[in-house]
Amino acid sequence: MFDRDFYKNPFIVIWELTRACQLHCLHCRAKAQTRRDPRELSFEEGKQLIDQIYEMDNPMLVFTGGDPLMREDVYDIADYAIKKGVRVSMTPSATPNVTKQAIEKAKEVGLARWAFSLDGPTAEVHDHFRGTKGSFDLTMNAIKYLHELEIPVQINTVISRYNVDVLEEMAKVVEELKCVLWSVFFLVPTGRGKESDMVSPVQHEQIFHWLYELSKKVPFDIKTTAAQHYRRVVIQQKMKEAKDTDRAIRYADALNEGKTGQIDGLGRAPKGVNDGNGFVFISHIGDVFPSGLLPVKAGNIREKTLADIYRNSPIFKDLRNPDKFKGKCGVCEFRFVCGGSRARSYAVTGNFLESEPFCVYIPKALRSKSVNT
């Protein structure tokens, strides 16, 4: 897994099984609807897609939506993938569909982990963000069922102006719920999400430092999404803490050459996963995007194979070439492990190669120029 070549195969594949969902989340990138789209990939097309995914060095596969449980054949799809040897997880919406019986069925099929969204420590905060009263209580009930069935729990939280002041309380809730992973999403203004809902660039940086310190003392793992610059913060902090100064300097120099294949400061992928770089998203109708948050279509699996689109699309090729990034991202010494959120760059500027607009870091190359002038 850790020597995977992102130019050939993704680290993770997200498949949007359906856009149907009973929630009305303020930030929903899919603008989910209450009914299923008749153009959705069929069960047979889904099996063909899973075969293609498996042949791409068997990356991780996540079922998302909308709400995957809105598809009656979701367990049949999962069963096919798991029997083939694909590692599958699912991110259903906390709705009345999530019964203990539904989770039991998922466990029988072999779904290894479930992830639920929890965007506030109280019903008031969470339900407002999810646009549905009772969502908080349904989420808590679902997590209780998962614990009873001894299924690992992942919590997904979208950081926004609605919950930025209660993150300490959120971390306590995640720990109390005995979750194995807290996946922290930083809002990208796409779909229903708005730039006015986001935290500021300075708040991004403050939260990154807080997360790093938190990660040292909590029993659960922490992962970020649409926050590639968190990797830069982690690396900077680790370099400061390094007793071997020479090693820290050598590592910093290696960043400039993209030679950080051993670690990325987070102990996960060998280099920074980003939109289209180790990451690929398939929509409910088979359209292929660099991610669900970067709505730039690169092809459709009904017309070309996933491997062909991922490896040969000009969009994906550009996204995998940090030297094509513009502005400060293009000269940043961390561009090979960070690169900024390409999705946020597109959402804010209209160009997915532009600089990450919510990063406060000034690259060394630009600092040197300012001193010389």
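Of the 373 residues of the chain, 56% count as buried. Buried means under 20% relative accessible area, exposed means over 50%, and partly exposed lies in between (1.4 Å probe, protein chains only). The model is a predicted one: local features need pLDDT of at least 70, side-chain atom pairs count only at pLDDT 80 or more, and totals for chains, interfaces and linings use all residues. Residues are numbered from 1 along each chain as its sequence is written, and side-chain values use heavy atoms, with hydrogens and water left out.

The chain holds 14 helices and 10 strands. Helices (H or I, at least four residues) and strands (E, at least two) are DSSP runs, numbered from the N terminus. The accessible surface of the chain comes to about 16,500 Å². Carbon and sulfur atoms account for 50% of this surface. Accessible areas come from the Shrake-Rupley method with a 1.4 Å probe; for residues, only the protein chains shown count as cover. Contacts were examined as well, a contact being heavy atoms within 4.5 Å. Among contacts between residues at least 6 apart in sequence, 72% join residues at least 24 apart.

Helix H2 spans residues 74–84. Its buried residues include Val 74, Tyr 75, Ile 77, Ala 78 and Ala 81. They cover an arc of only 155° around the axis, so they sit on the same side of H2. The arc is that of the directions from the helix axis to the C-beta atoms. Just after H2 comes Gly 85, with a positive phi of about 105°.

Helix H3 covers residues 100–109 and contains Ala 102. Ala 102 has a relative accessible area of 11%, so this residue counts as buried. Leaving aside neighbours within four places in sequence, Ala 102 is in contact with Tyr 75, Asn 97 and Trp 114. Tyr 75 is also one of the buried residues of H2. Ala 102 and Tyr 145 are 43 residues apart in sequence. Their C-alpha atoms are 10.0 Å apart in space.

His 126 belongs to helix H4 (residues 123–130). Its relative accessibility is 0%, and therefore His 126 counts as buried. The side chain of His 126 reaches the backbone nitrogen of Asp 119 at 3.0 Å. Not counting residues up to four places away in sequence, His 126 touches Ser 117, Leu 118, Asp 119, Gly 120, Ser 135, Phe 136 and Thr 139.

A search of the whole structure finds 21 salt bridges. A salt bridge is a side-chain nitrogen of Lys or Arg within 4 Å of a carboxyl oxygen of Asp or Glu. One of them joins Lys 47 and Glu 44 at 3.3 Å, N to O. Both residues lie in helix H1, 3 residues apart, about one turn of the helix. Glu 44 is partly exposed, with a relative accessible area of 45%.

Arg 302 and Glu 45 also meet in a salt bridge, at 2.9 Å, N to O. Arg 302 lies in the loop between strand S10 (299–300) and helix H10 (306–312), and Glu 45 lies in helix H1, so the pair ties together parts that are 257 residues apart in sequence. Arg 302 is partly exposed at 40% relative accessibility. Glu 45 is partly exposed at 22%.

Arg 161 forms a salt bridge with Asp 197, the closest N and O atoms being 3.8 Å apart. Arg 161 sits in the loop between strand S5 (153–159) and helix H6 (167–176), and Asp 197 in the loop between strand S6 (181–186) and helix H7 (201–215), so the pair ties together parts that are 36 residues apart in sequence. Arg 161 is partly exposed at 47% relative accessibility, whereas Asp 197 is buried at 6%. Elsewhere, salt bridges that share partners join Arg 36, Glu 40, Arg 71, Glu 72 and Asp 73 into one network.

Technical notes. Polar contact = N/O pair within 3.5 Å; in protein donor to acceptor, adjacent residues only side chain to side chain.
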